Amino acid sequence: MAAPPAHALIATDLDGTLLRGDDTVSDRSLAALERVARAGARHLVVTGRPAPRVRPLLDALGCTGLAVCGQGAQVYDAGADRLLWSVRLDRELAETALGKIEAEVGQVYAAVDQDGVDGLTLIEPGYLMPHPTLPAVRVGRRDDLWCEPISKVLLRHHTLSDDELAAIARSAVGSLATVTMSGPGTVELQPCGVTKATGLALAADHLGIAAERALAFGDMPNDIPMFDWAGRGVAMANAHPELKAVADEVTQSNEDDGIAVVLERLFPTD
């Protein structure tokens, strides 16, 4: 009988990590993930995208198991098309947090991801989607963002960099919410204490896999908690310097099949 793989769980971020710039996964990366499956290890997508925005990608990957979505606020069962676990961001707290941030930096532009497997992404006037291919519904005024329960708020500022906005937001909101930066133009407010690590830990526990047997791939500061939790963290060549600083290894970029480079080494063919 073959020995179980040292890395029983492969956790991959999507944007800037597994996905190329055109939102596709290369044939080489798909083949590497097939190696993982043949070896008996599990692949989990761990992404900031909410479950409704991930469903088509999971279908393309052939994933019918669990996925961690919404920066860890959702554990989604792709086969059953249902959320096993979800945490909502209190809408009054979100409004208060926005007010505190705007008191420091002036006007910001906001969007929300609604909770649920069919939740919408709503954007207020002036907000530009960082991923123009993702569907969103424009509302007439900010108050319309709070019409249904939400999982997170997305923020943009017309002059501040993402790093600057994230730092000021963390100072301004305190314990009202968790502030993350997950990609260009993507600073987010999540329920306090919720990170990719909390969602990944729940999914791994459901699968009966310990943290030390997990291998995580990412590219942005929102992946730091996931790296802290997993036994090993691998940053992409295109990763943010903060993530590279805590990574165990830096691989090639998402455009150069960095995940496949590592998985081919760790899961060789017979």
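Modeller: Asp-81 is partly exposed, with a relative accessible area of 34% (partly exposed lies between buried, under 20%, and exposed, over 50%, with a 1.4 Å probe and protein chains only). Arg-55 is likewise classed as partly exposed, at 23% relative accessibility. Their side chains form a salt bridge, with N and O 3.2 Å apart (a Lys or Arg side-chain nitrogen within 4 Å of an Asp or Glu carboxyl oxygen). Asp-81 belongs to the loop between β4 (74–77) and β5 (82–86), and Arg-55 to helix α3 (residues 51–61), so the pair links parts 26 residues apart in sequence (DSSP runs numbered from the N terminus: helices H or I of at least four residues, strands E of at least two).

The model is predicted, so local features need pLDDT of at least 70 and side-chain atom pairs pLDDT 80 or more, whereas totals for chains, interfaces and linings use all residues. Numbering runs from 1 along each chain as its sequence is written, and side-chain values use heavy atoms, without hydrogens or water.

The count comes to 16 salt bridges. One of them joins Lys-152 to Asp-113, at 3.6 Å from N to O. Lys-152 sits in strand β9 (residues 150–156) and Asp-113 in strand β6 (residues 109–114), so this pair ties together parts 39 residues apart in sequence. Lys-152 and Asp-113 are both buried. Arg-141 also pairs with Asp-143, their closest N and O atoms lying 3.1 Å apart, and Asp-143 is partly exposed at 46% relative accessibility.

The largest nonpolar core has 30 residues, and Leu-58, Phe-217 and Leu-263 have the most contacts inside it (buried Ala, Val, Leu, Ile, Met, Phe, Trp, Tyr and Cys joined through side-chain atoms within 4.5 Å). Two or more residues of this core come from each of α1 (14–18), α2, α3, β3 (66–69), β12 (214–218) and α9. The greatest share is that of α3, with five residues.

Within this setting, Leu-58 touches Val-45, Cys-63, Ala-67, Tyr-76 and Ala-78, leaving aside residues up to four places away in sequence (contact is heavy atoms within 4.5 Å). Another core lies apart from this one; its 28 residues include Leu-98, Leu-145, Ala-166 and Val-187.
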